[in-house]
Amino acid sequence: MSVERYNPREAEPRWQQVWDDAKSFVTNTDDPREPYYVLEMFPYPSGRIHMGHVRNYTLGDVVARFQRAGQECAASHGLGRLRLAGRECRHGAWAQSRHWTRQNIGTMKAQLKTMGLSIDWTREIATCEPEYYQHQQSMFIDMLAAGLVTRKKSKVNWDPVDMTVLANEQVIDGRGWRSGAPVEQRELTQWFFKITDYAEDLLTALDGLTDWPEKVRTMQRNWIGKSQGLAFSFGLTGAPEGFDTLPVYTTRPDTMRGPTFAAIAADHPLAKALAEGNPEIAAFNKLCQQSGTSAEALETAEKLGFDTGIKVTHPADPSWELPLYIANFVLMDYGTGAIIGCPAHDQRDSDFARKYGLPVIDVFQPLDSDAAVGDVAFTPPKTQKVRYVQWFGEPGAEITCREAMDQTLALFEQNGWGEAQTQYRLRDWGLSRQRYWGAPIPIIHCEVCGTLPVPKKDLPVVLPEDVSFDKPGNALDHHPTRKHTTCPQCGGAATHETDTMDTFVDSSRYFALYRALRRPPRPFRPWPTAGCRWINISAASSTRSCTCSIRASSPAP
């Protein structure tokens with residue numbers, strides 16, 4: 001018997017038409033069976049798909065078809081199915097951005113369709129469309145009312161060419177990911193999601209994600225960065241008026257016998273005060289502001305310091321004085337913006353001390369050696385036993401670092417030298433961007449009534465299409481009419497917020513919008529409750545990692 005040769009040019013269009021006519025992949029939200037949701041990371045429409053897309057969506061398609069067609073027994077026990085994909089748009093092709101993006105979406109969609117993927121195209125979304133970002137604006141207003149959105153000054157990564165704020169992930173080797181310009185540090189008034197309110201909840205919830213790879217959970221724990229340490233204050237000698245003490249937080253109270261210097265961030269209030277009367281310090285502070293703001297960026301940068309001439313006095317011994325530096329590796333938004341420098345047991349401090357000829361004091365040593373610490377700092381795990389030679393406990397004690405930390409904390413609290421404190425590395429999510437491509441932040445500024453949310457009946461706040469990019473900076477600031485409006489409270493003249501939301505906000509929640517069918521943006525309507533049970537993701541894949549992970553899922557309430 002002869003076997004007909006497979007001809008994809010003939011077979012694929014024919015069977016794809018059969019599937020389309022039968023609506024084989026259209027999701028039935030009324031299906032009583034347990035849902036199974038396969039989610040893939042959506043592509044950015046930069047032009048055409050590549051082999052990474054092919055691999056990613058093929059992996060998801062295999063899972064979706066297996067769950068749909070290969071699990072008859074499981075289906076009879078209540079297994080449902082849902083397979084979705086979508087588009088995201090970056091509003092960044094200047095005056096023709098919308099046309100360019102939509103054209104790319106059409107091209108990529110046509111390419112993906114030739115693959116015969118089991119996608120429910122009736123639920124296609126585009127994050128650049130008002131029908132999508134109106135929900136972001138509504139969510140922003142709800143979070144503002146709940147006290148989960150705040151506006152405050154913050155140190156940010158600033159791209160001097162694109163003239164916008166960059167997330168740490170958008171700074172590559174100290175340069176902007178789009179412009180390639182050296183990134184500067186600036187202090188701007190920004191909008192934030194107060195995710196720090198949920199730091200402990202996020203950390204605790206990781207314990208329940210037993211199907212996640214342990215290395216991923218570890219990365220998340222490190223990102224949240226819970227630490228228990230010592231909060232205390234140095235005394236100050238020779239400081240400007242108004243600066244009597246210097247608050248410090250350290251995660252290593254057991255090393256309080258080992259500091260040989262103290263350091264503050266370039267944007268610390270004391271550093272700013274010193275810069276007002278000292279051009280050298282002002283120039284150094286400005287130099288520090290030309291590096292990234294992330295801990296990772298500062299960790300790899302050359303360690304630079306400026307000796308202020310001020311001395312700090314130890315809380316346990318006021319006669320013990322240490323030099324105070326301004327240093328480029330100290331972050332103002334972590335801890336208090338001031339550190340103790342213990343070179344023997346912190347590589348960053350070691351590099352700095354050896355560069356500036358500062359002493360190195362060994363606090364503890366390995367149990368099998370009494371050799372002094374060299375160029376590489378001795379940083380054993382806190383659970384490791386070591387021999388303490390310079391600390392506030394019994395000399396020569398062979399205990400773990402954690403035990404020594406606990407003993408030192410108790411001693412400092414007992415004597416009133418400091419107190420135990422818990423802190424997190426996690427910071428509030430800065431979402432303001434000074435650019436056109438992003439969901440407009442739904443805020444109105446009135447000189448009489450202050451800062452007010454746009455009434456929900458007026459959502460969405462839409463990006464204008466008649467923008468000009470002939471000037472640097474935010475095109476929404478330059479638009480002749482867009483920012484001018486009336487106050488919803490007093491009816492007087494007011495202005496729209498011209499910052500837009502970071503596009504990470506767009507891509508953080510698209511998985512939830514697939515369940516809502518496309519609708520006109522006005523009048524604004526909240527998310528429908530139909531489809532809520534599809535919110536839990538059963539399988540997911542990413543174009544970045546080109547991997548697919550599968551886990552069981554129960555319906556959302």
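Are phenylalanine 261 and phenylalanine 352 buried or exposed? Start with that pair, then take me through the side-chain contacts elsewhere.

Modeller: Both phenylalanine 261 and phenylalanine 352 are buried. Keep in mind that this is a predicted model. The ring centres of phenylalanine 261 and phenylalanine 352 lie 4.9 Å apart, with the planes at 35°, so the pair counts as tilted. The cut-offs matter here: planes under 30 degrees apart would be stacked, and over 60 edge-to-face. The pair also links distant parts of the chain. Phenylalanine 261 is in strand β10 (residues 261-264), and phenylalanine 352 is in helix α11 (residues 347-355).

Phe261 and Phe352 belong to one aromatic cluster with Tyr325, Phe329 and Tyr356.

Stay with helix α11 for a moment. Arginine 354 lies in this helix too. Its side chain meets that of aspartate 375 in a salt bridge, at 3.6 Å from N to O. Aspartate 375 sits in the loop between β14 (364-365) and β15 (385-388), so the bridge ties together parts that are 21 residues apart in sequence. Arginine 354 has 36% relative accessibility and counts as partly exposed. Aspartate 375, at 56%, counts as exposed.

Now the other aromatic pairs. The structure has 18 aromatic pairs in total. Among them is phenylalanine 140 with tryptophan 191, an edge-to-face pair. The centres are 5.6 Å apart and the planes stand at 75°. Phenylalanine 140 comes from helix α5 (residues 130-145) and tryptophan 191 from strand β7 (residues 184-193), so the contact joins parts 51 residues apart in sequence. Phenylalanine 140 and tryptophan 191 are both buried.

Helix α5 also carries glutamine 136. This residue is buried, with a relative accessible area of 0%. The side chain of glutamine 136 makes a polar contact of 2.5 Å with the side chain of aspartate 506.

Glutamate 187 in strand β7 pairs with lysine 272 in helix α8 (residues 269-276), across 85 residues of sequence. Their side chains form a salt bridge of 3.9 Å, N to O. The cut-off is 4 Å, and this pair falls within it. Glutamate 187 is partly exposed, with 48% relative accessibility. Lysine 272 is also partly exposed, at 37%.

In general, side chains of opposite charge can pair when their charged atoms come close. The model holds 21 salt bridges. One of them joins glutamate 124 and lysine 109, at 2.8 Å from N to O. Glutamate 124 lies in the loop between α4 (97-113) and α5, while lysine 109 lies in helix α4, so this bridge ties together parts that are 15 residues apart in sequence. Glutamate 124 is buried at 8% relative accessibility. Lysine 109 is partly exposed at 22%. Elsewhere, salt bridges link Asp207, Glu214, Arg217 and Arg221 in a network.

Charges also meet rings. The charged end of lysine 152 sits over the ring of phenylalanine 192, 4.9 Å from the ring centre. Arginine 257 places its charged end over the ring of phenylalanine 392, at 4.2 Å from the centre.

Next, the surface. Tyr198, Leu202 and Trp223 make a nonpolar surface patch of about 310 Å². Leucine 202 belongs to helix α6 (residues 199-205). With 37% relative accessibility, leucine 202 counts as partly exposed.

Threonine 408 is buried, with 3% relative accessible area. Tryptophan 391 is 17 residues from threonine 408 in sequence. In space, the two are 8.4 Å apart, C-alpha to C-alpha.

Back to your starting point. Phenylalanine 261 and phenylalanine 352 are a buried pair, and they sit within an aromatic cluster of Phe261, Tyr325, Phe329, Phe352 and Tyr356.

Technical notes:
Residues are numbered from 1 along each chain as its sequence is written. This is a predicted model: local features need pLDDT of at least 70, side-chain atom pairs count only at pLDDT 80 or more; totals for chains, interfaces and linings use all residues. Side-chain values use heavy atoms; hydrogens and water are left out. Rings of Phe, Tyr and Trp (its six-membered ring) pair if their centres lie within 6.5 Å; planes under 30 degrees apart count as stacked, over 60 as edge-to-face and the rest as tilted. Helices (H or I, at least four residues) and strands (E, at least two) are DSSP runs, numbered from the N terminus. Buried means under 20% relative accessible area, exposed over 50%, partly exposed in between (1.4 Å probe, protein chains only). A charge sits over a ring if NZ of Lys or CZ of Arg is within 6 Å of the ring centre and within 35 degrees of the ring normal. Patches are made of residues with over 30% relative accessible area and no salt bridge: like charges are joined within 9 Å, nonpolar side chains (Val, Leu, Ile, Met, Phe, Trp, Tyr) within 5 Å. Accessible areas come from the Shrake-Rupley method with a 1.4 Å probe; for residues, only the protein chains shown count as cover. A polar contact is a pair of N or O atoms within 3.5 Å; within protein, one must be able to donate a hydrogen and the other to accept it, and residues adjacent in sequence count only if both atoms are side-chain atoms.
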